Each structure stands twice: as C-alpha cells, then as structure tokens.
Amino acid sequence: MSRILMVLTSHDQLGSTGRKTGFWLEEFAAPYYVFRDAGHDITLASPKGGQPPIDPTSSLPQMQTDATRRFDADEQAKCALATTTPLSEVDVTKFDAVFYPGGHGPLWDLVDDPASQQIILNSDAAGRPLGLVCHAPGVLYAVKKQDGTPLVAGRSVTGFTDGEEESADLTDVVPFLVEDSLKAVGARYSKGPDGDSYVVTDKTLVTGQNPASSAAAAQRLLDLLDH
C-alpha cells in the first residue's frame, strides 16, 4: 500500500464574474477511486484546509459520471473531502505520490501557493510520481528550480487546451491560459483532440489534458509507483 496525497484548490470565485468555481468533481472522484480501489491510502489537502469548493458546473446532471455518482453515495469520501489538511501542515516526504485535480480554482490559488510549489519541487527532485490534470498542470508554469529556471522547461506536458477554454467561454475570465503559459516557459506542450482523454508522461511527471483524462492520468501514476 502506498500513501498518495491529493491537492485541491480552496478558491471559489470565477474571476470578477460573480460566479462560483473550485475543483472539477470528475477530476477528483475518478482518480480517488482509481487509487482507493487499488488499495492505497489517500490524504486530501488544500491551501485553507477543510471543505474545498466543488465547481457547481461539475455537479450538473449532464456532467455526471460513474465516479461522481459513486462519490455522491459515499459518505466516507464526503467526510474526507470536508476535512482536508491545510497544505502548510503537509510533509510531502511521507507520501509516495502526489496528484492534483483541476478545475479553474487552481489558476488563482495553487499557482502561487508556496506550500504547493514546495510539494511540486520536492516531488520532482525526489522522483516521486506527480500527477496533474486539466487546469492543474497550469500551476507548473510558475514553479522555478533553485537556479531560477522554470521546472517544466524542456519537459513534455499537456493540460487544458486554448480551444477547450474557448468552448467554455472563459478565455477572457481566467488569469492565464494553461496551454499558452506552459509553452511560454519552454515546456514541450502537446495535446489530443479537445474533449478526448490524453495523458503525457515525462519521467515521474504525469499530466492529463481534461476531465476525460482524469482516470487515465491516475492509472499512469499508479503504473509509475509499481516500477
């Protein structure tokens, strides 16, 4: 059994629109059950601790999947989500792998959260499998190594595409575009068709493009743990 840390956003405001955001439910639920069904121990954390905000759009009936329906009926999982550990209290060296669900929230808080950046840097340096899906790979663009170079410069990554953001009508709302920001710091960004599952692995760094990539990215993380 491995110990897996899942890092969620605490941010719930969609820019200045007055609308709510947070993490995308499928991007949490699908990996959560991939990890749990494989017998691993999961710890949930967020910048503020406690209950992280679920993006209300991801709770709409048309957005539901088998994993989200399972979560809705799972009191143990809902209790765990309501009591996440504050990121500042997390010792990442006690974990075997780290996974970041997406949603728009991370673009506002996890991108410059010092504790989150340290978790990412430590995990990468230690060869600890690190997975991020959808918007969460966007937080990587702001992470710099000790010598000041971007962590993902020259690294193969994916993440929510400019086209997918445009389809969500949020191009002018988000603080930055995931695809553009990763390219701007020298990452080797690639993508599949909008809406399709697409996962990229670079050594122990795993990135998934969108909600449809969540389970596959989590499984890729487990594959790295097994080697």
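**View 1. A right-handed β-α-β unit is built from S4, H4 and S5.** The model is predicted. Strand S4 covers residues 97-100, helix H4 covers residues 114-126, and strand S5 covers residues 130-133. S4 and S5 run parallel and are joined by 3 bridges. Look for Tyr-100, which stands opposite Leu-132 of S5.

**View 2. Strand S5 is covered on both faces.** Leu-130 and Leu-132 lie on one side. Gly-131 and Val-133 lie on the other. All four are buried. In a regular strand, side chains alternate between the two faces of the sheet. S5 also runs parallel to S9 (residues 205-208), with 4 bridges between them. Here Gly-131 has Val-206 of S9 as its bridge partner.

**View 3. Seven strands form an open sheet with mixed pairing.** The order is S3-S2-S1-S4-S5-S9-S8. Strands S3 (85-86) and S8 (199-202) stand at the edges. Each has a single partner strand, so one side of each is left without a neighbour in the sheet. At the S3 end, S2 (residues 41-46) pairs with S3 in the parallel sense over 2 bridges. Ser-46 stands opposite Pro-86 there.

**View 4. Helix H1 is mostly covered.** H1 spans residues 25-37. Of its 13 residues, 11 are buried. Among them are Leu-25, Phe-28, Ala-29, Tyr-32 and Phe-35. Glu-26 and Glu-27 are buried too. The length of H1 checks out: at 1.5 Å a residue, its 13 residues should span 18 Å, and its end C-alpha atoms are 18 Å apart. Just after the helix, Gly-39 takes a positive phi of about 90°.

**View 5. Phe-35 sits in the largest nonpolar core.** This core has 63 residues. Leu-5, Phe-28, Phe-35 and Tyr-100 touch the most other members. Helix H1 supplies the largest share, 8 residues. In soluble globular proteins, nonpolar side chains tend to be buried together. Beyond its neighbours within four places in sequence, Phe-35 contacts Ile-4, Met-6, His-40, Ile-42, Phe-99, Ala-218, Leu-221 and Leu-222.

**View 6. Cys-134 and Lys-203 are two non-glycine residues with positive phi.** Most residues other than glycine have a negative phi. Cys-134 has a phi of about 65°. Its place is the loop between S5 and strand S6 (156-157). Lys-203 has a phi of about 55°. Lys-203 belongs to the loop between S8 and S9.

**View 7. Arg-69 is a partly exposed residue of helix H2.** H2 spans residues 66-72. The relative accessibility of Arg-69 is 45%. Buried means under 20% and exposed means over 50%, so Arg-69 falls in between. Ser-59 is 10 residues away along the chain. The C-alpha atoms of Arg-69 and Ser-59 are separated by 9.9 Å.

Methods. Residues numbered from 1 in each chain as written. Predicted model: local features only at pLDDT ≥ 70, side-chain atom pairs only at ≥ 80, totals over all residues. Heavy atoms only, no water. Core = buried A, V, L, I, M, F, W, Y, C linked by side-chain atoms within 4.5 Å. Buried < 20%, exposed > 50% of the residue type's maximum accessible area, 1.4 Å probe, protein only. Contact = heavy atoms within 4.5 Å. Expected span 1.5 Å × (residues − 1). Pairing = 2+ DSSP bridges. Right-handed = clockwise from strand over helix to strand, strands pointing away.
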